[in-house]
Amino acid sequence: MASAASDTARFGPSRSTGEAIFQAACLGAATMLLVTLGGVVVSLAIGGWPAFAEFGLGFLTSSEWNPVTEVYGAAGPIVGTLITAFLALVMALPLALGVAVFLVEFCPRTIAQPVAIAVELLAGIPSIVYGMWGLFVLAPWFAEHVQLPLIMEAEPGSWQESLFSGIPNGANIFTASVILAIMILPYMAAVFRELFMTVPAQLREAAYGLGCTPFEVVRSVIIPYVRRGVVGVVMLGLGRALGETMAVTFIIGNAHGFPDSIFASGSTIASTIANEFAEATSDMHSAALVALGLVLFFITFGVLAIARALLGGQKY
Amino acid sequence: MDRALYRRLSNYLFVALTAIATLIALTALILILWSLLTKGLGGIDAKIFTMTQPAPGSEGGLSNAIMGSIMMCGMGLLIAVVVGVLAGTWLSEYGGSTPYGAAVRFLNDVLLSAPSILIGLFVYEIMVRPFHGFSAIAGAVALAIIAMPIVTRTTEDILSLQPSALREAGMALGASRAFVIRKVVWKSARAGLITGALLGFARISGETAPLLFTALGNQFFSVDPTQPMASLPTTIFQFALSAYEDWQRLAWVGALLIAVAVLSINIIGRVVAREARR
């Protein structure tokens with residue numbers, strides 16, 4: 001018992017129980033993460049159940065969203081979410097790849113380091129800042145310099161007219177996608193850069209040794225080496241764009257139903273919830289919004305799970 | 001065309017394109033920071049920090065929102081650090097290699113980038129609806145859930161970087177595993193743990209969506225955690241979308257404050273992390 005007593009003096013109360021308590025606390029904390037994620041699904045499913053019970057599958061396919069007549073269909077916001085996220089990705093992906101390749105391969109180190117840090121810091125700027133910029137700077141500029149001229153040019157009845165029609169106030173699907181793209185750009189560039197740096201120097205040197213140009217090294221050695229990771233980062237960016245709320249809510253115009261053109265007002269799942277949830281008066285209205293949340297959860301969960309599986313142990 | 005010439009030209013073109021991409025990206029981001037500075041800087045004065053938010057047309061500041069943000073982020077971070085450090089410790093020191101550990105790690109990474117508005121809905125369902133009222137505590141819990149995965153991730157990363165000789169030496173002296181972890185491993189990883197907390201704090205200080213229907217917002221000064229509480233992001237949201245020009249000006253000031261706060265916390269986090277690697 002003497003040794004046990006000295007243990008107590010030096011290492012706190014009874015070793016084995018202290019050890020067990022600490023380990024249990026750690027396990028409990030880890031389990032809490034799982035419980036939280038599970039709780040999100042369960043609570044959204046329970047909260048949204050009345051809407052699914054009332055409208056059935058029609059909830060996903062109908063685009064009528066009318067709090068007055070209590071008819072809710074989620075197709076408008078779902079389509080809006082997918083379109084904005086996809087457009088944002090199309091704009092941000094080539095730029096993010098370009099930035100990462102330039103910083104890792106071509107840029108002089110003295111410039112590359114500060115630029116890389118700047119890009120990473122910008123990835124942390126809260127989305128509400130991007131949203132405000134979109135609302136007060138991008139939207140007015142876009143309406144005056146792009147939207148109006150395009151509408152004026154378009155001949156009545158032509159395909160341009162149906163593509164560009166809409167109220168020329170700059171708050172539309174397209175500008176929302178631009179803001180989303182600007183927002184996910186630094187994030188994707190930072191992860192791409194991290195990814196490209198994992199390519200072993202020997203591979204690069206071997207390719208240069210064979211006489212490859214830098215372009216050929218990037219195209220035939222580096223990109224193939226990190227292929228899986230690139231797809232993972234794309235999915236990660238997509239996941240961000242799909243779930244992004246504030247940047248979009250400011251600028252998308254918040255109209256329900258299917259957007260008529262890319263310059264028409266629309267809505268995303270997240271923007272609809274952000275706009276209406278605190279003011280939803282009827283139970284069915286809140287239930288429909290929570291059900292929308294569940295739909296968003298499944299879309300993003302799928303995308304993010306694929307991203308994580310492809311990225312493996314990568315950070316971010 | 002000559003093949004060597006073609007290869008050289010396509011290479012130049014490619015390098016030029018990546019440089020242009022970098023220029024475009026930097027230009028867009030500089031434009032945003034520029035608007036933030038020009039529209040926000042002029043509005044900063046002592047009133048911002050001493051007066052509560054005004055009615056349209058009268059004088060006022062953002063003191064209630066600043067206070068609310070600090071309180072809710074502080075409470076949220078506290079919860080997140082306790083849970084996150086313990087969970088990260090479990091992943092790194094105990095069960096990280098088990099199937100359960102792999103599942104926790106995977107789902108933590110998913111939670112890391114889950115849309116924050118869904119976290120808001122979740123906390124609304126478990127805390128606001130049952131108790132029939134928006135509260136600062138609910139806001140803090142929502143923020144904690146967002147910061148938790150970040151702290152967990154950085155804790156696991158930094159702990160697994162600690163040399164195992166450290167643990168072995170402690171155990172060889174007869175200390176228990178828990179003791180070694182708390183007094184030796186945590187201590188040597190201290191700077192990294194602080195970085196994780198700072199990253200979490202930077203992330204939640206700009207979060208808006210999860211606060212909209214948990215803490216709701218409050219136009220008066222309040223420090224009561226059971227009542228609705230103002231925060232910078234929700235006040236910015238309300239003011240920016242209003243039709244009043246003085247409210248919009250305050251929104252820009254608030255946005256500038258948040259951006260500066262987030263940037264400086266991130267920079268401090270980086271400096272601490274660099275010290276940690278030394």
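**Exercise 1.** In this predicted model, determine which backbone oxygen lies 3.1 Å from a polar atom of the side chain of Ser286(A), and describe the surroundings of this serine.

*Solution.* 
1. The backbone oxygen in question belongs to Ser282(A), at 3.1 Å from a polar side-chain atom of Ser286(A).
2. Ser286(A) is part of helix α14 of chain A, which spans residues 283–311.
3. The relative accessible area of Ser286(A) is 11%. Buried means under 20%, so Ser286(A) is classed as buried.
4. When residues up to four places away in sequence are left aside, Ser286(A) touches Phe277(A) and Ala280(A).

**Exercise 2.** Characterise the interface between chain B and chain A by its extent and its polar interactions.

*Solution.* 
1. Begin with the residues: 82 from chain B are in contact with 80 from chain A.
2. Continue with the area. The size of an interface is often expressed as the accessible area lost when the parts come together. Here chain B and chain A bury about 7300 Å² between them, and 79% of this lies on carbon and sulfur atoms.
3. Next, count the salt bridges: there are 2 between chain B and chain A. One of them joins Glu120(A) to Arg270(B), with the closest N and O atoms 2.5 Å apart.
4. Finally, consider the side of chain B that touches chain A. Helix α1 of chain B (residues 3–40) supplies the largest share of it, 20 residues. By class, this side has 58 nonpolar, 15 polar and 9 charged residues.

Definitions and conventions:
Residues numbered from 1 in each chain as written. Chains lettered and ligands numbered in written order. Predicted model: local features only at pLDDT ≥ 70, side-chain atom pairs only at ≥ 80, totals over all residues. Heavy atoms only, no water. Helix = DSSP H or I, 4+ residues; strand = E, 2+ residues; numbered from the N terminus. Buried < 20%, exposed > 50% of the residue type's maximum accessible area, 1.4 Å probe, protein only. Polar contact = N/O pair within 3.5 Å; in protein donor to acceptor, adjacent residues only side chain to side chain. Contact = heavy atoms within 4.5 Å. Buried area = accessible area lost by both parts, 1.4 Å probe. Salt bridge = Lys/Arg side-chain N within 4 Å of Asp/Glu carboxyl O. Nonpolar A, V, L, I, M, F, W, Y, C, P; charged D, E, K, R; others polar.
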